[in-house]
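Please look over the structure below before reading the numbered points.

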Amino acid sequence: MRAVIVRDPDAGVGGLSLTDMPYPHAAENDVIVQVHAAGFTPGELDWPATWTDRAGRERTPSVPGHEVSGVVTKLGYGTTGLTVGQRVFGLTDWARNGSLAEYVAVEARNLAPLPVDVDHTVAAALPISGLTSWQGLFDHARLLTGQTVLIHGVAGGVGSIAVQLAREAGARVIGTGRAADRSTALGLGVNVFLDLQADHLEDVGEVDVVFDVIGGEILDRSAALVRPGGTLVTIAAPPTVRPKDGRALFFVVEPDRAQLTDLAQRLRDGRLKPVVGAVRPLSEAPSAFAPDRRTPGKTIIRVVEG
């Protein structure tokens with residue numbers, strides 16, 4: 001099969017290449033998925049799990065990409081809950097070969113059924129952004145109807161989904177970004193947009209929840225905005241500054257079939273719309289990682305046409 005691989009941690013984006021690899025093996029409780037569309041995170045070449053397995057042993061060549069939408073072609077021993085020929089989407093394991101390939105082995109519990117009327121390219125844009133947003137807002141921050149949430153990076157993959165989920169939950173949403181993101185943010189439904197380059201962050205006042213995807217100075221300054229009893233949640237880095245009378249936490253997204261199923265239903269109902277940017281073939285996946293090839297929305301790699 002064809003796959004995008006990396007061999008050298010020091011080579012960066014220039015070390016990505018498209019090559020032939022053996023078909024993956026379906027371990028116990030795995031399925032083999034024929035990849036129709038895949039998503040990736042530009043920074044994942046810097047993740048330790050890209051280069052080592054769960055036991056910390058080096059693994060190269062490594063296949064990046066951890067969002068997948070496709071069709072089940074084989075079941076591993078003991079696998080239940082999915083069937084051959086079924087459309088699925090979800091997350092591949094961080095410490096195993098990923099989705100930028102024609103086939104990938106995935107633990108069945110990491111996947112959810114994909115309705116026939118949801119396009120694979122749209123589904124591949126949802127697993128990381130959708131699950132991260134859901135878990136950050138509701139599992140960790142415990143966002144409630146009527147509360148106010150400040151979402152940083154509101155026009156990005158995670159931020160755009162978080163806005164839609166928070167608004168449907170009945171929360172008031174303040175979104176931040178660059179000036180060019182204003183129209184996108186307002187279109188997503190933010191109540192207030194803040195330009196981080198021109199406006200004063202402290203002008204937003206107190207909020208119940210801060211959901212951060214940026215880190216650094218913005219994360220540190222946001223702690224003071226959390227009202228007593230509120231929560232600061234970040235996926236950027238463990239917070240070093242904490243709210244005076246609130247919680248601060250860092251988390252890494254986890255697979256969840258029930259949450260994926262709910263997100264898929266929202267897609268079908270038109271209540272959730274991932275911001276899909278460029279859709280490119282597998283042969284162009286290596287260049288899609290390049291910093292100078294960024295496009296609005298999430299870049300998706302289409303592996304199977306049609």
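1. The crossing of helices α2 and α3 is right-handed, a term used when the near helix is turned clockwise from the far one by less than a right angle. Helix α2 covers residues 127-140 and α3 residues 157-168; their axes come within 8 Å and cross at roughly 50°. That angle makes α2 oblique to α3, since angles under 35 degrees count as roughly parallel, over 145 as roughly antiparallel, 65 to 115 as roughly perpendicular and the rest as oblique. Axes are lines fitted to C-alpha atoms, for helices over the stretch in contact, with angles from 0 to 180 degrees between N-to-C directions. Helices are DSSP runs (H or I) of at least four residues, strands (E) of at least two, numbered from the N terminus.

2. This is a predicted model, in which local features need pLDDT of at least 70 and side-chain atom pairs pLDDT 80 or more, while totals for chains, interfaces and linings use all residues. Residues are numbered from 1 along each chain as its sequence is written, and side-chain values use heavy atoms, without hydrogens or water.

3. Which residues of α2 and α3 make the contact? On α2 they are Ser129, Gly130, Thr132, Ser133, Trp134, Leu137 and Phe138; on α3 they are Gly157, Val158, Ile161, Ala162, Leu165 and Ala166. Contact here means heavy atoms within 4.5 Å. By class, the contact has 8 nonpolar, 5 polar and no charged residues.

4. The structure holds 19 salt bridges, each a side-chain nitrogen of Lys or Arg within 4 Å of a carboxyl oxygen of Asp or Glu. One of them joins Lys298 and Glu67 at 2.9 Å, N to O. Lys298 lies in strand β15 (residues 298-302) and Glu67 in strand β4 (residues 67-75), 231 residues apart. Both Lys298 and Glu67 are buried (under 20% relative accessible area; exposed is over 50%, partly exposed in between, with a 1.4 Å probe and protein chains only).

5. Asp117 and Arg268 form a salt bridge whose closest N and O atoms are 3.0 Å apart. Asp117 sits in the loop between β7 (111-113) and α1 (120-123), and Arg268 in helix α6 (residues 257-269), 151 residues away. Asp117 is partly exposed at 48% relative accessible area, and Arg268 is partly exposed at 44%.

6. A network of salt bridges links Glu168, Asp262, Arg266, Asp269 and Arg271. Within this group, the side chains of Asp269 and Arg271 meet at 3.2 Å, N to O. Asp269 is partly exposed at 43% relative accessibility, and Arg271 is partly exposed at 36%.

Technical notes:
Ala, Val, Leu, Ile, Met, Phe, Trp, Tyr, Cys and Pro count as nonpolar, Asp, Glu, Lys and Arg as charged, and the others, Gly among them, as polar.
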